[in-house]
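Q: Could you take me through this structure term by term, setting each value against the cut-off that defines the word?

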Amino acid sequence: MLLRYRVGAVVSLAKHQNGGAKTVLWTSKNFRTQSGDATFLQAVDFYFDKAAAIASVSPDILAQIKACNNILRVQFPLKCSNGTVELIEAYRAQHSHHRLPVKGGVRMAPNVNGEEIMALAALMTFKCAVVDVPFGGAKGGIKIDPTKYSLNEKEAIMRRYTSELVKKKFIGPAIDVPAPDYGTGPQEMAWIKDTYEHMKSTDINGAACVTGKPLEEGGIHGRHEATGLGVFFCLREFLNDQDLVKKLHMSPGVKGKTFIIQGFGNVGRNLVDIRDPAKILELPCDVLIPAALESQVHSENASRIKAQIIAEAANGPVTPSAEAILEKNGAVILPDLLLNAGGVTVSYFEWLKNLNHIHFGRMSRRMEESGKKVLLEALEQEFESKNKLSDDLRKELVKGNTEIDFVWSGLEETMLVSWANVRSTAERKDCNYRTAAYLIAIERIATCYRVNGIFP
């Protein structure tokens, strides 16, 4: 079943004229759940509205940026290995088409629902804009517990899901490009690619229909560790900034700091009987890295968080109510839409690799090495043979760049430039880093609409 609609705003926007100045007012409505915290979608909308209030963007464009463009909900039968038939529910949301293709992961989890997928798609839109990756935002989800299905059953589910996306034109290298997410990985992406290429056999760029694939199927070196590495780059820059850490009464640098990482896949699940995972968040440390699912830090446990720095490696791990409590207690939050953008950044590199049909470094590595050898030999001749380099040092100096060198360099450049923009915006606008990141995203997307115009 295909649903196409504009998702209504959670806030009211009003424009007033006061001496020629434009003021955008926002008030949150129905923002809390019964437990006192916003739902994930409400939280994303709340953070958006907070930044929108200080953006130089008209209310009509803000409404366009905020709304989810399309959401697909499908149901299909699965013939299980025991002979029974089960109905599978799945989603794909496309939040914004200001840039194409749209991009976002596909997750498998028993609690998947349309509202969660729309929230994740919106976050992808803003995440891509913050790090200047030319994608709109999307997200997909299949409502199953993947641990309760056999490999063959999961393959059947993923292939049928992909076929539904193809039939509804919700996938393609220039349309919508999925990637791994919670409960999925390279194997599932390989099934997506194979299914798409069977159904679209004349698409020469078919391998670019999905990222996060195995290397043998057109994946890219460095994709597996990209999200974590992106978190590290931003966190390192923050901790190396003497002015910022001084405000927290900490010494500069990563060395000597204590870290707690909450959320580490199968290992984490196996520790449930030993230690309550929720309590891990409350242990003393310098840096807390929530890397599991959304809303892990909320109004009921935020006051017990002892970390001075919260680095959001997961999507939406801190609710708005919790953020207010943490900041009141002096903690600094490094926001998800910047910190965990390493994954989509390297997915962008993989997409480019697939479109170019050649891996990074193939045309340049030997040429770089040849040029470096000539330079070293010239220097040695100039400064006499007694100053010749050792074989090991020579080998290191002349080494040409491989694909992973290009990937890590590009990722570090992207994260450092983006962090510098967020930091300077926060200082200029006197706001926190999350609001600064949303503000950058909003204004970049608004520029797209302003320059491109509205079709027709």
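Q: Which residues touch the most other members of the largest nonpolar core?

A: They are Phe 126 and Phe 238, in a core of 82 residues. A nonpolar core here is a set of buried Ala, Val, Leu, Ile, Met, Phe, Trp, Tyr and Cys residues joined through side-chain atoms within 4.5 Å. Helix α3 (residues 114–130) gives the largest share of this core, twelve residues, where helices (H or I, at least four residues) and strands (E, at least two) are DSSP runs numbered from the N terminus. This is a predicted model, in which local features need pLDDT of at least 70 and side-chain atom pairs count only at pLDDT 80 or more, while totals for chains, interfaces and linings use all residues. Residues are numbered from 1 along each chain as its sequence is written, and side-chain values use heavy atoms, with hydrogens and water left out.

Q: What does Phe 238 touch, not counting residues up to four places away in sequence?

A: With contact defined as heavy atoms within 4.5 Å, Phe 238 touches Leu 244, Val 245, Leu 248, Ile 309, Val 332, Leu 334, Trp 419 and Tyr 433.

Q: How do you know whether Tyr 47 and Tyr 438 are buried or exposed?

A: Buried means under 20% relative accessible area, exposed over 50%, and partly exposed in between (1.4 Å probe, protein chains only). Tyr 47 has 5% and is therefore buried, and Tyr 438, at 1%, also counts as buried.

Q: What makes Arg 434 count as lying over the face of Tyr 47?

A: The definition asks for NZ of Lys or CZ of Arg within 6 Å of the ring centre and within 35 degrees of the ring normal. Arg 434 lies over the face of Tyr 47 at 4.2 Å from the ring centre.

Q: Why is Ser 295 called partly exposed?

A: Its relative accessibility is 28%, so Ser 295 counts as partly exposed. Ser 295 is in the loop between β11 (287–290) and β12 (309–311), and touches Gly 316, Pro 317 and Thr 319, leaving out residues up to four places away in sequence.

Q: Why is Asn 315 called buried, and which side chains does it join in polar contacts?

A: Asn 315 has a relative accessible area of 12% and is therefore buried; this residue lies in the loop between β12 and α10 (320–328). A polar contact is a pair of N or O atoms within 3.5 Å; within protein, one must be able to donate a hydrogen and the other to accept it, and residues adjacent in sequence count only if both atoms are side-chain atoms. The side chain of Asn 315 has such a contact of 3.0 Å with that of Lys 127 and one of 3.1 Å with that of Asn 340.
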